[in-house]
Amino acid sequence: MELRTPSEGRNAVTIDEKAVAALEDRVLGPEHKSLPPAAWGRTVREFLDSGPHLDEFETPVLTVDRAAVAANVAVMADWAQAAGVRLAPHGKTTMAPQLWAQQLVAGSWGITLATVWQVQLARFFGVGRIVLANALVDPVGLHWLAAELAQDPSFEFVCWADSVETVTLMDEHLRSAPGQAEIRVIVELGGPHGRTGARTVAEAKAIAVAVDRSARLALAGVGGYEGALAHDRTPDAVAAVRRYLDELAKLHRELAADGLYRDGAIITAGGSAFPDLVVECLAGLADEQGAQGIPTTIVLRSGAYIIHDDGFYAGISPLAVPRSERPLRSAMHGWARTVSRPEPELALLDAGKRDLPFDEGLPVPQYVAGQEDSLNPAATVSALNDQHAFLRLPGSTAAEVPVGSVVRLGLSHPCTAFDKWRLIPVIDDADSERPRVVDLLHTFF
């Protein structure tokens with residue numbers, strides 16, 4: 001995928017282009033699932049120079065559509081800019097530095113991650129601004145972070161805290177840590193029956209006070225994850241998300257009124273399901289110039305949008321069909337071969353739980369490769385074993401999906417698709433009769 005210099009401006013974020021480009025020098029081998037043996041021993045660059053096509057790969061295989069990725073990156077970048085918010089996409093969705101680079105080139109404010117190890121990987125690739133959307137109380141991780149901040153003063157980092165105990169532990173571990181750099185902390189507000197996060201504004205304010213009193217921590221802002229509070233767009237679910245976001249805004253206002261912000265504030269929320277509600281409830285607080293006294297940046301952390309899907313996010317995202325005039329497109333597909341037709345209305349495919357996501361819905365059969373209108377619309381995948389998919393074919397005959405035929409599958413939830421693959425072929429067009437492989441995505445899980 002083409003990599004250009006990240007956008008200029010005071011919010012531009014760096015990534016080490018040489019480190020990303022060096023992935024093309026990696027040598028391919030049998031550890032790379034579904035790669036043809038003819039590629040073994042070649043570098044990525046050498047293999048791609050041979051002009052491979054998808055039908056030369058073994059099955060099962062997961063693919064990423066280059067055009068869909070590019071379109072999704074542009075859609076989200078333009079949408080966030082028009083809304084007046086910043087984007088720090090959650091990198092744990094793909095754990096693919098090549099894709100992080102595309103997002104940063106398109107103007108992303110930073111990259112969000114979920115664990116300190118993921119942060120360390122991002123630093124290896126030179127990412128200059130990182131949001132750790134989690135508490136950091138691991139002593140080894142804190143010592144590494146303190147050293148990293150001391151070594152590179154330009155590195156911008158924030159992590160979360162949702163209790164006074166978290167702040168106390170961070171202080172304790174940092175006493176013996178190198179350097180004197182402060183670690184910037186977001187106070188995390190949660191919600192009833194949600195995930196992490198202080199459960200009340202009062203509790204969150206106590207955390208902010210503890211951070212303010214710390215010698216090694218600095219209050220960076222407030223944040224949380226509204227996606228833990230709702231899983232659909234029913235009126236009750238939307239109302240619950242709005243109530244939570246209103247509480248987050250209230251917390252920010254009260255911390256500002258108490259004078260706890262020293263160098264401006266970040267307000268961060270927003271998965272890939274409800275970014276529109278985040279904008280509706282929080283974008284009005286953005287004031288990056290500090291005209292009202294406190295420079296305030298609203299940061300969305302949506303991650304799945306770059307790949308999107310044919311399942312959960314297709315059903316809930318405000319930028320999906322039919323909710324958007326410029327919708328996101330699914331950029332991932334599974335391709336599985338029919339290995340058995342033991343019953344008239346059953347086909348067994350060679351892809352299972354080890355290969356495809358299943359936590360947010362089973363794969364959806366779309367068509368037999370090379371025959372777009374070949375499948376009965378009633379065809380479904382009813383179950384996955386470790387290495388098999390059960391494709392139910394009501395009223396079908398074996399001739400419609402013969403042994404050896406390849407079925408394209410729509411998938412749900414990119415986060416649990418990418419983690420099953422170390423190397424993912426990028427194709428020029430998933431809808432073409434014979435897709436060409438134009439890149440290989442390296443993932444780090």
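Where is K250 found?

Modeller: K250 is found in helix α9, so let us take that helix as our part. Before we start, please note that this is a predicted model, in which local features need pLDDT of at least 70, side-chain atom pairs count only at pLDDT 80 or more, and totals for chains, interfaces and linings use all residues. Residues are numbered from 1 along each chain as its sequence is written, and side-chain values use heavy atoms, with hydrogens and water left out.

The names of elements come from DSSP runs numbered from the N terminus: helices are H or I runs of at least four residues, and strands are E runs of at least two. K250 itself is partly exposed, with a relative accessible area of 37%. On this scale, buried means under 20% relative accessible area, exposed means over 50%, and partly exposed is in between (1.4 Å probe, protein chains only).

Axes here are lines fitted to C-alpha atoms, for helices over the stretch in contact, and angles run from 0 to 180 degrees between N-to-C directions.

Two packed helices are described by the angle between their axes and the distance between the axes. For α9 and α10, the axes come within 9 Å and cross at roughly 40°. The two helices are therefore oblique to each other; angles under 35 degrees count as roughly parallel, over 145 as roughly antiparallel, 65 to 115 as roughly perpendicular and the rest as oblique. The crossing of α9 past α10 is right-handed, the name used when the near helix is turned clockwise from the far one by less than a right angle.

Which residues touch? From α9 come V238, V241, R242, L245, D246, L248 and A249, meeting L277, V278, E280, C281 and L282 of α10. Contact means heavy atoms within 4.5 Å. These residues divide into 9 nonpolar, no polar and 3 charged. In that sorting, Ala, Val, Leu, Ile, Met, Phe, Trp, Tyr, Cys and Pro count as nonpolar, Asp, Glu, Lys and Arg as charged, and the others, Gly among them, as polar.

The partner helix is worth a look too. In α10, 6 of the 8 residues are buried, so α10 is largely enclosed by the rest of the structure. They are P275, L277, V278, V279, C281 and L282, and they pack against α3 (66–83), α9, β8 and β9.

Finally, follow the chain onward to I294, in the loop between α10 and β9. I294 is partly exposed, with a relative accessible area of 23%. Not counting residues up to four places away in sequence, I294 touches A256, Y261, G264, A265 and D287.
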